[in-house]
Each structure stands twice: as C-alpha cells, then as structure tokens.
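Take a slow look at the fold before reading on. Then follow the strands and loops with this guide.

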Amino acid sequence: MRKLVDMDALTPGIARGFRARGGTVILVRDGETVSAFRDSCPHLGVDLAWNPDAYMDLENRYIQCATHGALFEPLTGECVFGPCIGDRLTPVEVVLRDGSVWIDG
Ligand code: FES
C-alpha cells in the first residue's frame, strides 16, 4: 500500500493526477470520500489532459478529455457529452486511511 496524497490537499470536486500503477490515477474528492479513475479516455484510450492536472472544463464542473472534448461526471466518471457518451472512466480502487488516500502497487 502506497500513500498518494493527504485528503486535505485535494480541492473538493477538482480532479488531480498521481503517478501510480504504471500510469496516472485521477482523484476527485467529495467531502470525506474520494473517487479514483484511470487517466484514460474511453473513446480512444489516450490521456485525458494535455497538461498536468488540467482535467477540468472551464467551469470546473466536468472532467474534460482534451482530445475530442468528452465530458465526464467527476464523481461517477460517466461520460455525459462527446463521442463516448454513456461510457465511463475506469474506476480504480483506493483506500482512505488516517486522512490520506492510499493505493495498492
Ligand atoms: S479521445 Fe477522448 S473524446 Fe476522443
């Protein structure tokens, strides 16, 4: 088990990326819970952001794919707009412990 980040370092509703499992894992905090996804668009399997941590759309409402503009609900990963509508980001299992986010591997 490896610590990714302290919960207090995550801004609620704003996605951030962390190197883990040979790629990047995106975390989105919601109160005292956190959602985690692989940084991979279900449309073509590419990274979602062109720049580090530039995951959100202009209104900070959705995770946005930089390639074709697909929009994803930040807490569920569901695509609500774009070429992969109805598909989802791939969830990643993380553990919350002692105020931090941890991951296997
Ligand atoms: S690669 Fe993400 S929307 Fe096309």
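**A walk through strands and loops**

Leaving aside its neighbours within four places in sequence, Asp57 touches Tyr62, Gln64 and Leu71. Contact here means heavy atoms within 4.5 Å. This is a predicted model, in which local features need pLDDT of at least 70, side-chain atom pairs count only at pLDDT 80 or more, and totals for chains, interfaces and linings use all residues. Residues are numbered from 1 along each chain as its sequence is written, and side-chain values use heavy atoms, with hydrogens and water left out.

Stay with Asp57. Its place is the loop between strand 4 (33-38) and strand 5 (63-64). Strands are DSSP runs of E with at least two residues, numbered from the N terminus. Does Asp57 lie buried or exposed? Asp57 is buried, yet it has no salt bridge. Buried means under 20% relative accessible area, exposed means over 50%, and partly exposed is in between, using a 1.4 Å probe and protein chains only. A salt bridge needs a side-chain nitrogen of Lys or Arg within 4 Å of a carboxyl oxygen of Asp or Glu. The nearest side chain of opposite charge belongs to Arg61, 6.8 Å away. For charge, Lys and Arg count as positive and Asp and Glu as negative, while His and the chain ends are not counted. The backbone of Arg61 tells another story. Its nitrogen lies 2.8 Å from a polar atom of the Asp57 side chain.

Three strands form an open sheet in the order 2-3-4, with antiparallel pairing. Strand 2 (16-20) and strand 4 stand at the edges with a single partner strand each, so one side of each is left without a neighbour in the sheet. From one strand to the next, the twist averages 35 degrees. Angles run from 0 to 180 degrees between N-to-C directions, and the axes are lines fitted to C-alpha atoms. Strand 3 (residues 23-30) and strand 4 run antiparallel and are joined by six bridges. Two strands pair if DSSP finds at least two bridges between them. Leu27 stands opposite Ala36 in strand 4.

Between strand 2 and strand 3 comes a loop that holds Arg21. Most residues other than glycine have a negative phi. Arg21 is not a glycine, yet its phi is positive, about 55 degrees. Arg21 is partly exposed, with a relative accessible area of 49%.

Strand 8 and strand 9 form a hairpin with two residues between them. They pair in the antiparallel sense over three bridges. Arg97 has Ser100 as its bridge partner in strand 9. Asp98, in the turn, has a positive phi of about 55 degrees. Asp98 counts as exposed, at 72% relative accessibility.

Strand 9 also has a partner in strand 1 (residues 2-6), antiparallel to it and joined by four bridges. There, Ser100 is the bridge partner of Asp6. Which way do the side chains of strand 9 point? Ser100 and Trp102 point one way, Val101 and Ile103 the other way, and all are buried. In a regular strand, side chains alternate between the two faces of the sheet.

End at Leu75, in the loop between strand 6 (71-72) and strand 7 (79-81). Leu75 is partly exposed, with a relative accessible area of 38%. Leaving aside neighbours within four places in sequence, Leu75 contacts Val28, Arg29, Asp30, Ser35 and Phe37. Leu75 and Thr33 are 42 residues apart in sequence, and 9.7 Å apart in space, C-alpha to C-alpha.

Methods:
Polar contact = N/O pair within 3.5 Å; in protein donor to acceptor, adjacent residues only side chain to side chain.
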